[in-house]
Amino acid sequence: MVYLTRIEHFNAAHKLYNKSWSDEENKKVFGKCANENWHGHNYELHVTIKGTPHPETGFIYNAKTLGDLIKEVIVEKVDHRNLNLDVDFMKDKFTSAENFAMGIWDQLKPHIEKSDVQLHCVRLVETQKIYVEYYG
Ligand code: NI
């Protein structure tokens, strides 16, 4: 089994806010992500798939095709958008990196597993110091 990772970038705004808490408590827990008028992140998305190299190409999957797929299914929907308001698959969810990575997984999986590779990991880098990984 060989693992292949494709990296794509996008920028998006969001807000993390629990309506049943006070403003003070939201600020304490969510920090800058609770900013009333939104704020943004420069996200980096690492999508790892796994499979066996094809005898005719030596590839498990065409890396450019994978990039195009990520752009079409995810980046087009989220880049320069508001994750809380504009992104259908994040509706009514906390737009944490954890939930966002899980949402991205659910969007990508049916497209990737049409071919004979499997989705292995979605890594979402939110800041230089924080990333999450989801393995399904
Ligand atoms: Ni944030």
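Predicted model: local features only at pLDDT ≥ 70, side-chain atom pairs only at ≥ 80, totals over all residues.
Local features are given where pLDDT is at least 70, side-chain atom pairs count only at pLDDT 80 or more, and totals for chains, interfaces and linings use all residues. Residues are numbered from 1 along each chain as its sequence is written, and side-chain values use heavy atoms, with hydrogens and water left out.

Five strands make up an open sheet with mixed pairing, in the order E3-E1-E2-E4-E5. Here strands (E, at least two residues) and helices (H or I, at least four) are DSSP runs numbered from the N terminus, and two strands pair if DSSP finds at least two bridges between them. Strand E3 (81-82) and strand E5 (130-134) are the edge strands, each pairing on one side only.

Moving through the sheet, strand E1 (residues 2-14) and strand E2 are antiparallel partners over 13 bridges, and Glu8 stands opposite Leu45 in E2. Strand E2 (residues 39-51) is mostly covered, with ten of its 13 residues buried; buried means under 20% relative accessible area, calculated with a 1.4 Å probe and protein chains only. E2 also runs antiparallel to strand E4 (residues 118-127), joined to E4 by seven bridges, where His46 has Arg123 as its bridge partner. E4 in turn is linked to E5 by five bridges, again antiparallel, and Val122 is paired with Tyr134 of E5.

Next come the helices. H2 packs on the sheet and touches E1, E2 and E3, and its direction makes about 20° with that of E1. H4 lies across E1, E2, E4 and E5, at about 150° to E4. Contact means heavy atoms within 4.5 Å; axes are lines fitted to C-alpha atoms, for helices over the stretch in contact, and angles run from 0 to 180 degrees between N-to-C directions.

The two helices also meet each other. Helix H2 (residues 63-78) and helix H4 (residues 97-112) pack at about 135°, their axes 11 Å apart. H2 and H4 are therefore oblique to each other, the label for angles that are not under 35 degrees (roughly parallel), over 145 (roughly antiparallel) or 65 to 115 (roughly perpendicular). The contact involves Leu66, Leu69, Ile70, Val73, Ile74, Lys77 and Val78 of H2, together with Phe100, Ile104, Gln107, Leu108, His111 and Ile112 of H4.

Notes: Buried < 20%, exposed > 50% of the residue type's maximum accessible area, 1.4 Å probe, protein only.
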